[in-house]
Amino acid sequence: MPAYDAAAIAALADERVSRRDRVLPPAFWGRTVAEVLADRPRLSQLPTPLMTLSAPGVRHNIDTLARWCAHHDVELAPHGKTTMAPALWAQQLDAGAWAITLANVFHLAIARQFGIRRVLIANSVVSPLQLRWVADELARDPSFEVMVWADSVRTVEIMEAARSAYVGPDARPLDVLVELGAPGGRTGARDFETAEAVASAVAEASTLRLVGVAGYEGAVGSGVDEAGLTAVRAFLHDMAELHSRLGKLYDEGVEPIVTAGGSEYFELVAEVLGPIEDARVVLRSGAYISHDDGLYRRVSPLGQSPRTDGEQLIAAMHGWMRITSQPEPGLAIFDAGRRDFPVDQDMPEPQLIRPRSVGEPVLPATGMTVTKLNDQHGYLRFGDEPVVIGDELRVGLSHPCTAFDKWGLIPVVDDPDAADPVVVDLIRTYF
């Protein structure tokens, strides 16, 4: 059974670009994506500010984590909310991903538009309208699988009431995972007693089915020092214990799922949960696909200080901006701001200056620092290595989840280090 609708993904190449696609100049408006790419446009033909993806970097990262998961005998359901790009989800599924994780029913609707067959919703769904829509999707497509989370008996009661008033006795049940949390964390039952009560309520419901245990260890950890890693291990051991306690509640024939794993501690998920023999252990890492030049470079198990085996991930997303003003010595203003690049974790990192004239080399952005971003301006401090008005700089970005959401169309380039990279793809996002 195909993991997604390949024809729907391929049809993205037939969409026409327009003025809403700010990454492309007016000369391209009205043409299809395929027509734009057929001309092999170069970065120099695109306006700034701009975010790009590296084709070899994305490919490397997808393949690297796929191999890592296979080696450690865990499944991967990458969190699609990182990119909200069905074309990238398809690449992850082609590389062996077991499912796509999403955050809400809006995301699920996008997934269904592109025929994504198996989805984890890493959240509770308590809207009766949304629960009815999900029920309709389950009835319409027998191959569609969706799993949601619950962390309270009240959540289970709402789901059961909404569904029992809408679906018949022969309807497919909605699969539910009990979410475990920890004091001071985010969602999730705070103790075994509560979690077991939730599981019992699911098992007793007429339209729901208990299928496993979920948790997000990223809300528990507080860094990658030994104290942070110890706290995460303890939480994951609690998840394993909860799964063991729920064994008697699973229906016959159900292969339980135990799922955890953002992009910061996935090596601990494999270490602690991987040995579970009577469940499918599923990681939900998402940011790995682009990695970054900030947060995840520091904390990823396959980042600059690896904590596990396997190749290191590569920063595959970059920002491009142009110097527009030099109002005082040592200060330059550029044409990108908070609406273009993320700042919730780190400021953009100046990396290189594109050639100022044909035939000149790429220059390192030595001694340059981004100190502040306004809505649509940025501040660059520089020292002995000067910049001039008109210079185009590449910057490294931090935190993929707040980078992708600023761009409806993202150019993919063949070599971000080249003097004038070639655009080899255009990725549509759906935020």
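This is a predicted model: local features need pLDDT of at least 70, side-chain atom pairs count only at pLDDT 80 or more; totals for chains, interfaces and linings use all residues.
Residues are numbered from 1 along each chain as its sequence is written, and side-chain values use heavy atoms, without hydrogens and water.

**View 1. The annotated stretch, residues 316-414.** An unreviewed UniProt entry annotates these residues as "domain: D-serine dehydratase-like"; such annotations may be inferred rather than shown by experiment. Helices (H or I, at least four residues) and strands (E, at least two) are DSSP runs, numbered from the N terminus.

**View 2. Helix H8 (residues 192-204) against helix H9 (residues 226-245).** Their axes, lines fitted to C-alpha atoms over the stretch in contact, come within 11 Å. The axes cross at roughly 40°, on a scale from 0 to 180 degrees between N-to-C directions. H8 and H9 are therefore oblique to each other (under 35 degrees is roughly parallel, over 145 roughly antiparallel, 65 to 115 roughly perpendicular, the rest oblique).

**View 3. Aromatic pair Trp68 and Phe266.** Rings of Phe, Tyr and Trp (its six-membered ring) pair if their centres lie within 6.5 Å. The count comes to two aromatic pairs. In the pair of Trp68 and Phe266, the ring centres are 5.0 Å apart and the planes stand at 75°, so the pair is edge-to-face (planes under 30 degrees apart are stacked, over 60 edge-to-face, the rest tilted). Trp68 lies in helix H3 (residues 55-71) and Phe266 in helix H10 (residues 266-273), 198 residues apart.
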